[in-house]
2 protein chains.
Amino acid sequence: MNLDNQQILYLQIYEKIKHDIIENKYAEHEKLPSIRNLAKKLEVNNITIVKAYDILEKDRYVYKKRGSGVYINNLNAKKNVLEEEILMETFKYGKLEVEGEINFANSNPNGNYFPITKFKDCINYVIDRDQEKIFAYEDPKGYSGLRNIISKHLKVEEIISDPEDIQIISGAQQGIDLITKSLIHLGDSVIIENPSYSGAITSFKRGGAKIIDVPLLGDGMDLKVLKNILSKKKISYLYLMTNFHNPTGISYSKKKKLKLLELAKKHDFYIIEDDSSSDLYYKDKPFSLKSMDIDERVIYIKSYSRIFMPGLRLGFLIAPKEKLKYISFTKYHTDISTPGLIQRAFEHYLSSDSWETHTKKLRSIYKKKFEISYNLLKRIEHLKLFAVPQGGLYFWVKVDKVTSEALFLKALQKKVGILPGSIFKLNEKSDGWVRLCFADVEIDDIKKGLKILKESIEELYNL
Amino acid sequence: MNLDNQQILYLQIYEKIKHDIIENKYAEHEKLPSIRNLAKKLEVNNITIVKAYDILEKDRYVYKKRGSGVYINNLNAKKNVLEEEILMETFKYGKLEVEGEINFANSNPNGNYFPITKFKDCINYVIDRDQEKIFAYEDPKGYSGLRNIISKHLKVEEIISDPEDIQIISGAQQGIDLITKSLIHLGDSVIIENPSYSGAITSFKRGGAKIIDVPLLGDGMDLKVLKNILSKKKISYLYLMTNFHNPTGISYSKKKKLKLLELAKKHDFYIIEDDSSSDLYYKDKPFSLKSMDIDERVIYIKSYSRIFMPGLRLGFLIAPKEKLKYISFTKYHTDISTPGLIQRAFEHYLSSDSWETHTKKLRSIYKKKFEISYNLLKRIEHLKLFAVPQGGLYFWVKVDKVTSEALFLKALQKKVGILPGSIFKLNEKSDGWVRLCFADVEIDDIKKGLKILKESIEELYNL
């Protein structure tokens, strides 16, 4: 500890210990040295240590036990300032999604694809049909008509679900929030893929979970690493995206899906399957983990943001009965219910032919965009694809010897938006990966944009 | 400890310790007796204590520190089974709100008062005006047009707020959830009124707060009790409803409002002001605490559920800038944003004359209902009013020598719904108080319903 500059001593000591706590150099509930011992060691007054410990306690890095000493607090439970700052940073990137003239960062469908007129008709139809019911509190679990039609649609996907097992949610992010609040307890271990969706990681972390990451391979999680963790540690939940994964675009092989279910049963953990893209297949409709879930180990979250319209904030989740009970209860204590207007209008839309027409159209648009992008990306020097996606909206690419941030900034200068891969990594390492998404970029702009990306890479190499 | 019945010993010990933990007979992080000592004291094998401690740990009532011993866990952080069960009970009462032919339990406005046609026009207008923008992600903070018009309206109520200080929320319950997740830390002390809104208490508790209740008098919290608590304990937040309080109907005196602000400044805590009823005044428009908040000590939550239509799930909150930053961030990680369709349609409605017409109409309806109810209630023997409300939707009444539950069940037999007061009490004591709400009861039914209530009380007295 360097104590010889002008800064007040106790603040220096506070900063040093705080830094070490954040860097995990202490264990939870570890005892700090006694005031006398530390004062002696650092050759300062006792009162200096008392002051340092006081602000550590005030900021909740430590707690005191009368007559016993000072102990390290559980940091996961503590929303400390530093963590908030990191999170704010992620948020900033989220906001950046709207910048750049050609935007490969934004993963929301282009507004031109929204079936606005048809949906407006649905709204008017259900207002006339349901009158005041549409503006009264809805069942916290969700409008029964919508749960019924969803249950019917799910049969085609080989998911057998009672409408009573379905919880309507205001988008996938709310599903993750509800699961965190109702099922994940302080100190629970949650496994995530690396890379994964930052919104989920943030939510689990803030809920007090310990996050453990497992590297993702071309056909799913690295099971060797996973098994090794499972042999050593009690895991509560595993969060994944089985089809057209965000950000990598990969899908799990059937073998890995079955193996995961087997492991969940054997090691008594539950799998949170986040599905926002499986409707967007280029060739064959993929199956979800949920459709193979005979032992009820999967909590399935479905979002309509990618396949329909994100601003509606609509999705659903299916969970084993004894878990759904808590989730529905938490939904009530979170926002009572998802607006009836939106649920009922969407129910009407789902019941009509429009749904099939709309999803077919979106699939053909994205498939075309994918093919054009893929053919251009293959030809960019120094650029490596993680995998060739079979559906969805993303390419996960790496540029050797260039950091994600350098490429991100270079492209942004040229008005092309991409997302640096560090956003999807638990430890935010900048290792050259970036996510390209063609949801909001039209074909001409894909061509223009990837040309600019190519130029950006060349410029970085010629520096 | 009674160890002489047939139950397996270690389960008995487990149950006894668990019971004592729940009853707060241990302090947080208190060390339990060593295995050897407890075994000796209870005259059982060491292995019996080991087993008991093991399931206590599994259920997270305690944690072990290697080489040191077994310690009591922080119970607020733990969502233990018992607590969940109590909460489910509250939830059940919430659901009961829809039962009974004459329903004084339900606090939602009657659907007949909803301005459906006008609002339908607003929806169609904004879809045509904003097109795809209305179905894309909205700003997490809320649609700027809506924040602008709200800020303008607030000037009339003497609340000065920059639109940037306003966060749109999906109803008051979400406001409470967001505040809990972003501002309330594990172990923070939160003061509530007794009685208070159970949805808020549940949310704070689940967020890890310690709840301290202060009795409510006819003009607001008992300041003597409050000051006594403040002199002994660091308080983080105080949650209250200043005008037409739920369930008591009381309003804070101006003097108490000013005193609370002074105390907040002096003792460095923040006040969460939950306002769902202040538009429903019978005579004079009341002022909020926020309108007097020169030191920025108030987080103001406004719900449109009572004054407009609850199923829209719409409200807003105002908080000091450095707090709002975290709240907006949490909103993003909770459900991204409140649906644009609803925000934009409501903005259009708020900008028109319809708002003034609608609120005036509601006020006159409720005033009339209040007067009729009040005159009938006064004449019911054994029934005592807590206060005479000057606005809002509630009467808080007590029947001497009869429990809330007995009256609740008796009235329910006769198809009249009321809410037992225990729902609003922290310790769920059944002391004869009940809440009567006339939001969803028409005048003829008020007369019929209160006659039945009178008969119910008489029957209970003649038992």
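**Exercise 1. Find the residue of β10(B) that is the bridge partner of Glu273(B).**

Keep in mind as you go that this is a predicted model.

- Start with the two strands: β9 of chain B covers residues 270-275, and β10 of chain B covers residues 298-303.
- Next, look at how they're joined: the two run parallel, with five bridges between them.
- Now pick out Glu273(B): across from it in β10(B) sits its bridge partner, Tyr300(B).

**Exercise 2. Work out which helices lie on or pack against the sheet around β4(B), and at what angles.**

- Take α11 of chain B, residues 321-335: this helix packs on the sheet and touches β4, β10 and β11 of chain B. Its direction makes about 25 degrees with that of β4(B).
- Then go to α6 of chain B, residues 144-156, which lies across β4 and β11 (315-318). Helix α6(B) runs at about 115 degrees to β4(B).

**Exercise 3. Trace the strand order in the open sheet of chain B, then say which strands stand at the edges and why one side of each has no neighbour.**

- Walk across the eight strands: β4-β11-β10-β9-β8-β5-β6-β7, with mixed pairing.
- Check the ends: β4 (166-169) and β7 (220-221) of chain B each have a single partner strand, so one side of each is left without a neighbour in the sheet.

**Exercise 4. Describe the side of chain A that touches chain B.**

- Count the contacts: 55 residues of chain A meet 54 residues of chain B, using a 7 Å cut-off between C-beta atoms.
- Ask who contributes: α11(A) gives the largest share of chain A's side, six residues.
- Sort by class: this side has 23 nonpolar, 18 polar and 14 charged residues.

Methods: Residues numbered from 1 in each chain as written. Chains lettered and ligands numbered in written order. Predicted model: local features only at pLDDT ≥ 70, side-chain atom pairs only at ≥ 80, totals over all residues. Contact = placed C-beta atoms within 7 Å. Helix = DSSP H or I, 4+ residues; strand = E, 2+ residues; numbered from the N terminus. Nonpolar A, V, L, I, M, F, W, Y, C, P; charged D, E, K, R; others polar. Pairing = 2+ DSSP bridges. Axes fitted to C-alpha atoms, helices over the stretch in contact; angles between N-to-C directions.
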